[in-house]
Amino acid sequence: MDKSWIDWGTRCSKPYYEKLDELLSFASASKDISSRIYCPCKKCKNRDLFVIDIVREHLRDNGFWKKYKIWEKHGESRDYDGSLHREEVLLGSDDYMDVDMVRLVQEALGIAHVARPDAENGSEENSDPLASGPNETTKEFLKLMKAANQPLYPGSKKHTTLSFIVRILEAKVSNGWFDTSFKDMLDIFEESMPEDLDNCLICNASRWKDNDVDEGLELGSGLGKRRAVKQPRYFPLKPTLQRLFMSSKTATLMRWHAEKRTDDGVFRHPADSHAWKDFDSKHSSFSADIRNVRLGLASDGFNPFRTMTIPHSTWPVILVPYNLPPTLLMKQPYIYMFVLIDGPQTPGDKIDVYLQPLIEELKELWEEGVPTIDTSSNQMFQLYSGLLWTINDFPAYDNLSGWSTKGEYACPNCNSEIDSVWLHNGHKWGFGSSKRFSPEDHKYRRDAKSFNGL
């Protein structure tokens, strides 16, 4: 793009206005008229955002900021040799799979050229001494480059994982994440996601409820409204636990509960609790290796829209490793969400269906374990994990445990020994025997009349 016009002496000529309009049209491409852009005049110096008309007036009255050489805030990008126009970077090709992302990473990091991991082997014309016999470091590098060239999702034709991230970062720099940035983000997602995907690419299951469309109505005709089936988002547990031992510092902290904890009878850590000690005494083979992970599970539902007029329920399922010291135990980096269940209604008693992948991994980690590298000692060991307890309110306890917290036997501790009475006037169950949990000298202990003789 021609930039000589910013040095012209007069700012009232027709050619100056034409160049100015060309810049503003370039900077506001794919934006609506109400969008705001950075003002590159001598006073604003790209510190403030204004609508296009205000920016035009500022450039006419104040002149262009001459130290602003690369117009990055207005859509221009730079490569290693200089600057490139937005069209050359983004609009030259709609297929981002053709971009050599491996070479891009190699040049950015200053790494010598290594053959692409998917290149054909055995050809004398394309032979490369580094590719023919890579060492361990090069093998790891090739492994990472192969992952960078994998499609964003199975069947993706436009984006790899790396090209998708680069595209988002380009939008971030161009827009400053202001006003229209979310619209640009949605446009990127739209061009990256599958079109008209009605079935799972792996198991071919339909993503729509079968009974939501009347018989005889064609899908997509607009006569019937389809509803997506409720589904959980699941994040694997085993790789997360393995990564805790891939850092020598974190691997050392995972042994803190046995090596550094002060055992003087004062409750400072879950390892001081009776439940932890009772668990260790009953499962001595598990507690023999102090690196085995003790987990706690927490879950509850909430409405993320801050208003009850929108029916929606989100249920995160969170696991916390209790091996860590108390200063890190409840910090955000060590609180992991492994299941996310969202939809217009709560999962209710069917939550066990959505927890099946997590339950299967927990059973496998308890019975078989998973080979893991402990970088603090540079040794492989078999990592096991056990779930100590769950943390939830009483209604969520109903869903997670399967024990009904309503009705005649609502108390899970008393079980069938509970003394419940149906209150005919109140139309609900009353539990008069709860006075037995009060201190022996409490006045309710001797007040049998108020408690129906119980």
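Q: Let's start with two helices: in which hand of crossing does α1 pass α2, left-handed or right-handed?
A: The crossing of α1 past α2 is right-handed. Keep in mind as we go that this is a predicted model.

Q: Within how many Å do the axes of α1 and α2 come, and at roughly what angle do they cross?
A: Their axes come within 11 Å, and the crossing angle is roughly 140°. That makes α1 oblique to α2.

Q: Which residues in α1 and α2 meet?
A: From α1 you have Y16, Y17, L20, D21, L23 and L24. On the α2 side they meet I52, V55, R56, L59 and R60.

Q: I see D21 and R56 in there. What do their side chains meet in?
A: A salt bridge, at 3.1 Å from N to O. The pair links distant parts of the chain, with R56 in helix α2 (residues 52–62) and D21 in helix α1 (residues 14–27), 35 residues apart.

Q: Why can side chains pair up like that?
A: Side chains of opposite charge can pair when their charged atoms come close.

Q: What do R56 and D21 count as, buried or exposed or something in between?
A: In between! R56 counts as partly exposed because its relative accessibility is 28%, and D21 is partly exposed too, with a relative accessible area of 32%.

Q: How many salt bridges does a search of the whole structure find?
A: It finds 15 salt bridges. One of the bridges in this model joins D374 and R255, whose closest N and O atoms are 3.6 Å apart. D374 sits in strand β9 (residues 370–374), while R255 is in the loop between α10 (248–253) and α11 (256–259), 119 residues apart.

Q: And that pair, is it buried or exposed?
A: D374 is buried, at 2% relative accessible area. R255 is buried as well, at 15%.

Q: Which residues are linked with R255 in a network of salt bridges?
A: The network links R255 with E259, D289, R291 and D374.

Q: What does D342 form with R233?
A: Another salt bridge, with the closest N and O atoms 3.2 Å apart. D342 belongs to strand β8 (residues 336–343) and R233 to strand β5 (residues 231–234), and the two are 109 residues apart. D342 counts as partly exposed at 24%, and so does R233 at 37%.

Q: Switching topic: how many residues are in the largest nonpolar core?
A: That core has 37 residues, and those with the most contacts inside it are L237, L241, F245 and L358. Among the elements that give two or more residues to this core are α10, β6 (293–299), β7 (313–321), β8 and α16 (356–367).

Q: What is L237 in contact with, leaving aside its neighbours within four places in sequence?
A: L237 is in contact with L295, L319, F338, L358, E361, L362 and L365.

Q: Which residues does the second core include?
A: I37, C41, C44 and L59 are included in that separate core of 17 residues.

Notes:
Residues are numbered from 1 along each chain as its sequence is written. This is a predicted model: local features need pLDDT of at least 70, side-chain atom pairs count only at pLDDT 80 or more; totals for chains, interfaces and linings use all residues. Side-chain values use heavy atoms; hydrogens and water are left out. A salt bridge is a side-chain nitrogen of Lys or Arg within 4 Å of a carboxyl oxygen of Asp or Glu. Helices (H or I, at least four residues) and strands (E, at least two) are DSSP runs, numbered from the N terminus. Buried means under 20% relative accessible area, exposed over 50%, partly exposed in between (1.4 Å probe, protein chains only). A nonpolar core is a set of buried Ala, Val, Leu, Ile, Met, Phe, Trp, Tyr and Cys residues joined through side-chain atoms within 4.5 Å. Contact means heavy atoms within 4.5 Å. Axes are lines fitted to C-alpha atoms, for helices over the stretch in contact, and angles run from 0 to 180 degrees between N-to-C directions. Angles under 35 degrees count as roughly parallel, over 145 as roughly antiparallel, 65 to 115 as roughly perpendicular and the rest as oblique. A crossing is left-handed if the near helix is turned anticlockwise from the far one by less than a right angle, and right-handed if clockwise.
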